[in-house]
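Colleague: I would like to learn how to read a model of this kind, feature by feature. Could you take me through it, giving the general idea before each case?

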Amino acid sequence: MKKALRILLAIIVVVLVVAAGAAAFVSVRGIPTYEVPKVAIRNVVPTPALLANGEKIAMSMCADCHLDRKANSFSGRYISDLPPEFGKLYSANITQDPEHGIGKWTDAELITLFRTGIGRDGRFRIVMPQFVHMSDDDINSLVVFLRSNHEWVQPKAVASHAQEPSFLGKVLVNTVMKPTPMPAHAIVQPNPDDKVAFGHYLVTGRYLCYDCHSKDFQTNNILEPEKSEGFMAGGNKFITPNGETIFSRNLTADPETGIGDWSEEQFVKAVKFGQSPHGPLRLPMPKFSVLSDEEVKAMFAYLQTIPKLRNATAEDGAIAAK
Ligand code: HEC
Ligand code: HEC
């Protein structure tokens, strides 16, 4: 008996020492650095169509994180809408400033970052989405936008703030959050005439609605978004500018807790103007006002085809209490 107890104690001590070692390692290692993938990507040739598309995607996808509204510049900001348990995180200066922005990044370096999450210095960029399913055209259009004369990207000599991840944040970037590989093939976006396929592309490839609208960033599957836990059924946690804790909502077609009983018009109003049948939508739900109705309707069509999940969030009131 005594011997068994001693063995058990020894095991516990070993486990604790290993755990403490791992914790110290993660703590010291912080945000990891990886080898920068060697890619053969030629410079993007700008066209008016790429610029217009890039501006639209930047307004709907990049501004919420990178725009300093006071300075009207993509010089970066404190990301206040993530739960504090991840630490204090800041978006970077992505203006054309050569020292503090992306003035010295090549097109290939920018594209490598968008695809893999790895910066030109090898450091893994956190919070910044990895656009693994975005079409080559859309990716190129972002590069064209960043190099354009748009006011937001003109050089601004403001240093990017260093990241201050919490211990949990550090654990996550050393475990579940990993760089993604460069795509092996060209990625072409589906024809908008195929509404469901186009909607699927917009939700998982271009606007990444699934990233916020599935259960938790920690269980999202970047390579296969549909395998994210609670895919599109809401529940991911956010902080509003007023400091309220809110949750993303169920966008599957479950009639009681999702949007199965919504009309296409109601969906368009909610997505473009933040007016949901449940009332005004709070930040960080973006207002996708620059999207065409065609895009939003395609997303609606796609959402009707995915597995319905029953997941009540606060706005479902009585159902949530059941
Ligand atoms: C959810 C917030 C978020 C969104 C959305 C986002 N970014 Fe970022 N981005 C960040 C953060 C945070 C960093 C800094 C990460 C770090 O330092 O680890 C970053 C870094 C970058 C960098 C690297 C700059 C550097 O010096 O390290 C570029 C380039 C960039 N973002 C471009 C974009 C573009 C273009 C878009 C839109 C398609 C976009 N980002 C959307 C949060 C975001
Ligand atoms: C940055 C995270 C984020 C992104 C990206 C995002 N959403 Fe949301 N969304 C939210 C949050 C949070 C709410 C809940 C807002 C509230 O409670 O006021 C919400 C609410 C909604 C609602 C209202 C649902 C209801 O039942 O009232 C719709 C519709 C919606 N989002 C659609 C979309 C679509 C479509 C996309 C992609 C084009 C998208 N969202 C991208 C965070 C996000």
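Predicted model: local features only at pLDDT ≥ 70, side-chain atom pairs only at ≥ 80, totals over all residues.

Modeller: What follows goes from the domains and their interface to the backbone, and then to some single residues and a helix.

Colleague: Into which domains is the protein chain divided?

Modeller: The bounds come from an automatic or database domain assignment, and they give domain 1 as 48–174 and domain 2 as 195–316. Taken over C-alpha atoms, the centres of domain 1 and domain 2 are separated by 23 Å.

Colleague: How should I read the interface, and what area is buried between domain 1 and domain 2?

Modeller: The size of an interface is often given as the accessible area lost when the parts come together. Buried area here is the accessible area, with a 1.4 Å probe, that two parts lose on being put together, summed over both. Between domain 1 and domain 2 it is about 1800 Å², and carbon and sulfur atoms give 63% of that area. On the side of domain 1, K56, D81 and H133 supply 29% of the area buried against domain 2, more than any other three residues. In terms of contact (heavy atoms within 4.5 Å), 24 residues of domain 1 meet 21 residues of domain 2.

Colleague: How many salt bridges and polar contacts are there between domain 1 and domain 2?

Modeller: A salt bridge requires a side-chain nitrogen of Lys or Arg within 4 Å of a carboxyl oxygen of Asp or Glu, and the count between the two domains is three. E295 forms a salt bridge with K56, in which the closest N and O atoms are 2.9 Å apart. A polar contact is a pair of N or O atoms within 3.5 Å; within protein, one must be able to donate a hydrogen and the other to accept it, and residues adjacent in sequence count only if both atoms are side-chain atoms. By that rule, eight residue pairs, both residues at pLDDT 80 or more, are in polar contact across the interface of domain 1 and domain 2. The elements giving two or more residues to the side of domain 1 that touches domain 2 are α2 (48–66) and α5 (167–174), and α2 gives the largest share, seven residues. Such elements are DSSP runs numbered from the N terminus, with helices (H or I) of at least four residues and strands (E) of at least two.

Colleague: Is M232 buried or exposed?

Modeller: Buried means under 20% relative accessible area, exposed over 50%, and partly exposed in between (1.4 Å probe, protein chains only). M232 has a relative accessible area of 0% and is therefore buried, whereas N72, at 28%, counts as partly exposed.

Colleague: Which residues does T240 touch beyond its neighbours within four places in sequence?

Modeller: T240, in the loop between β3 and β4 (245–247), is in contact with I246, R282 and L283 once those neighbours are left aside. At 5% relative accessibility, T240 counts as buried.

Colleague: Finally, which residues of α8 are buried?

Modeller: An α-helix has 3.6 residues a turn, so residues three or four places apart point the same way. In α8 (residues 264–273), F267, V268, A270, V271 and K272 are buried, and the buried residues of this helix pack against β5 (275–276) and α9. Just after α8, G274 takes a positive phi of about 70°.

Methods
Residues numbered from 1 in each chain as written. Chains lettered and ligands numbered in written order. Heavy atoms only, no water.
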